[in-house]
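Hi everyone, thanks for coming.

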Amino acid sequence: MAGDKVSFIEIHKVDKSFGKKRVISNLSLEVKKNELLGILGPSGCGKTTLLRLIAGFEVPDRGEIRIDGDCVYSSSNGIFVPPEKRNIGMVFQDLALWPHMTVREHIDFVLGSRNIKSKEKIEEILELVDLKSLSESYPEQLSGGEKQRVAIARALAQEPRVLLLDEPLSNLDQILRKDFKDEITKLRKKFGITTIYVTHNYLELIDIADKIAIMRKGRIIQFGRSKEVYQNPKNNFVRNILGK
């Protein structure tokens, strides 16, 4: 489209099966630079698998994936770039925090993997996610919202070009959900990170998603700007996913 931003994530005709079960089917998708794309769909539709394919934690059976012009997977050319070389931050649904590490150590570990040893950098990230007062705490000593912020801090320590969020609000109450959404909006403005946010609840995306992709049985059945999808659902399935 004329005047549109350049595509930052490009997924072209990707398939993925586990055994005989096809989880992602001939899926193509583009995300523009600095956009937040919300992926919406019921459990088992392939949302999380798609994120793991982008991150490199799973290998597609077929197709091609490009990030910022770099090919990170191509079945036809035999290309597969491992996760640690894709520069992608991911916040997992279960957060996957390390129980033996403090908040500070989570950040320090990621910076160390990038050969960065900087107390100033750690302090900057802690302040950004409002965790300075809890820097010496372990995950078991933190609330759900605080754990979420640790997971985000760890992802941001990578200075990722892409941020993937897998059901990030699933373990939070209503007040913390709003706080988290405000946090994501603030971080996007500050860093301009291209973001994909997976959920089954459209209300989580209303205020923050630039575009929405509706998934069903491993396929994208409707894609467009958030308001357009909401006002013009393609069929009853999309209508039911969006709710009232």
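Keep in mind that this is a predicted model. Let's begin with the largest pocket, which has 20 residues lining it. Nearest its centre you'll find Glu-84, Ile-88, Val-110, Ser-113 and Gln-158. The space in this pocket comes to about 540 Å³. What kinds of residues make up the lining? There are 11 nonpolar, four polar and five charged ones. Strand E7 (88-91), H2 and H4 are each the source of at least two lining residues.

Now let's stay with H2. Which of its residues are buried? They are Val-103, His-106, Ile-107, Val-110 and Leu-111. These sit on the same side of H2, because the arc they cover around the axis is only 125°. Here is a handy rule: an α-helix has 3.6 residues a turn, so residues three or four places apart point the same way. As for what covers the buried residues of H2, H3 and H4 are included.

Pick out Ile-107 on your screen. Beyond its neighbours within four places in sequence, it contacts Ile-122, Ile-125, Leu-126, Ala-153 and Ala-157. Ile-107 also belongs to the largest nonpolar core, a group of 44 residues, where Ile-107, Ile-152 and Ile-214 have the most contacts inside the core. H4 gives this core its largest share, six residues. Apart from it there is another core, of 30 residues, including Ile-9, Val-23, Ile-65 and Val-162. In soluble globular proteins, nonpolar side chains tend to be buried together.

Conventions:
Residues numbered from 1 in each chain as written. Predicted model: local features only at pLDDT ≥ 70, side-chain atom pairs only at ≥ 80, totals over all residues. Heavy atoms only, no water. Core = buried A, V, L, I, M, F, W, Y, C linked by side-chain atoms within 4.5 Å. Buried < 20%, exposed > 50% of the residue type's maximum accessible area, 1.4 Å probe, protein only. Helix = DSSP H or I, 4+ residues; strand = E, 2+ residues; numbered from the N terminus. Contact = heavy atoms within 4.5 Å. Arc of directions from axis to C-beta. 1 Å grid on protein atoms, 1.4 Å probe; cavity = no way out; pocket = protein on both sides within 12 Å on 5 of 7 lines; lining within 4 Å. Points joined across faces, edges and corners; volume = space filled by probe spheres on them. Nonpolar A, V, L, I, M, F, W, Y, C, P; charged D, E, K, R; others polar.
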